[in-house]
Amino acid sequence: MNSRDLTLVSTSAIFGALISALAFRFFSSNPKNPKSRKFTSTEISAISRKFPALDPFSPLKRNGYLSWDDYFMAIAFLSAERSKDPNRQVGACLVSQNGVILGIGYNGFPRGCSDDKLPWAKKSRTGDPLETKYPYVCHAEVNAILNTNHASAAGQKLYVTMFPCNECAKIILQSGVAEVIYFVEKRPNDSDVAYVASHKLLSMANVKVRKHQPEMDEILIKFEEHLLQPET
């Protein structure tokens, strides 16, 4: 599954979009100089009543915030967006039992190896495996574990967008990871040896494995700032 199939979203961005729509209505009602239009305190109060989460006097916490599982899986998906692989982007996030992010990673070539000089192909026209990505690429799980900045992976949790292959399972076991949370399996109805072996290894070592069940259908990240300027 391509990581782009899961869009990344914040509730605050949704509120921002709604405020933008209201702002457009206010701006369009002032034909003289719409760009210099400022909100009055009355208009801000009206918006706050419509969207209680924006009310600065409300003692309540906001609704719609991310669960821990959705948060860490979303970071894994966001990390996958760094991958240059044109066919499949995978991300991983290593997390302590206390909810501290220890390392993140995505699938790509090793450090010092140019992304432009090694092949990204899945198949070779000549049948030469060296013309494919497979002998060279480092998987997301391995990179997340190696990027721990000297923190130990032993006893920790690994969130990954795709179920790990057998080679990654070996690294997971050797590093002492206690739990793997994955979003999708590459071939859930196939008897691919790499994934059958992975299941077997993780099970034998008593590593807890579970499929992520998202509480949100989508999470949108929108780089846009909305400023309300009260009339002075």
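Six salt bridges turn up in a search of the whole structure, which is a predicted model. Start the tour with them.

**Stop 1: Asp 69 and Arg 210.** Select both side chains. They meet in a salt bridge, 2.8 Å from N to O. This pair links distant parts of the chain: Asp 69 sits in helix H3 (residues 68-80), Arg 210 in strand E5 (residues 208-211), 141 residues apart. Asp 69 is partly exposed at 22% relative accessible area, and Arg 210 is partly exposed at 24%.

**Stop 2: Asp 115 and Lys 84.** Here the side chains meet in a salt bridge at 3.7 Å, N to O. Asp 115 lies in the loop between E2 and H4, and Lys 84 in the loop between H3 and strand E1 (91-95).

**Stop 3: helix H5.** Select Glu 167 and Lys 170. Their closest N and O atoms are 3.1 Å apart, forming a salt bridge. The two are three residues apart in helix H5 (residues 166-175), so about one helical turn separates them.

**Stop 4: the cysteines.** How many disulfides does the whole structure hold? The search finds zero. Show Cys 165 and Cys 168: their sulfurs are 3.8 Å apart, too far for a bond. Cys 165 is buried at 8% relative accessibility. Cys 93 is buried too, at 0%.

**Stop 5: Thr 132.** Move to the loop between strand E2 (101-106) and helix H4 (140-146). Thr 132 is buried, at 6% relative accessibility. Its side chain reaches the backbone oxygen of Pro 129 at 2.7 Å. Beyond its sequence neighbours within four places, Thr 132 contacts residues including Pro 119, Ala 121 and Ser 124.

Definitions and conventions: Residues numbered from 1 in each chain as written. Predicted model: local features only at pLDDT ≥ 70, side-chain atom pairs only at ≥ 80, totals over all residues. Heavy atoms only, no water. Helix = DSSP H or I, 4+ residues; strand = E, 2+ residues; numbered from the N terminus. Buried < 20%, exposed > 50% of the residue type's maximum accessible area, 1.4 Å probe, protein only. Polar contact = N/O pair within 3.5 Å; in protein donor to acceptor, adjacent residues only side chain to side chain. Contact = heavy atoms within 4.5 Å. Disulfide = S-S within 2.5 Å. Salt bridge = Lys/Arg side-chain N within 4 Å of Asp/Glu carboxyl O.
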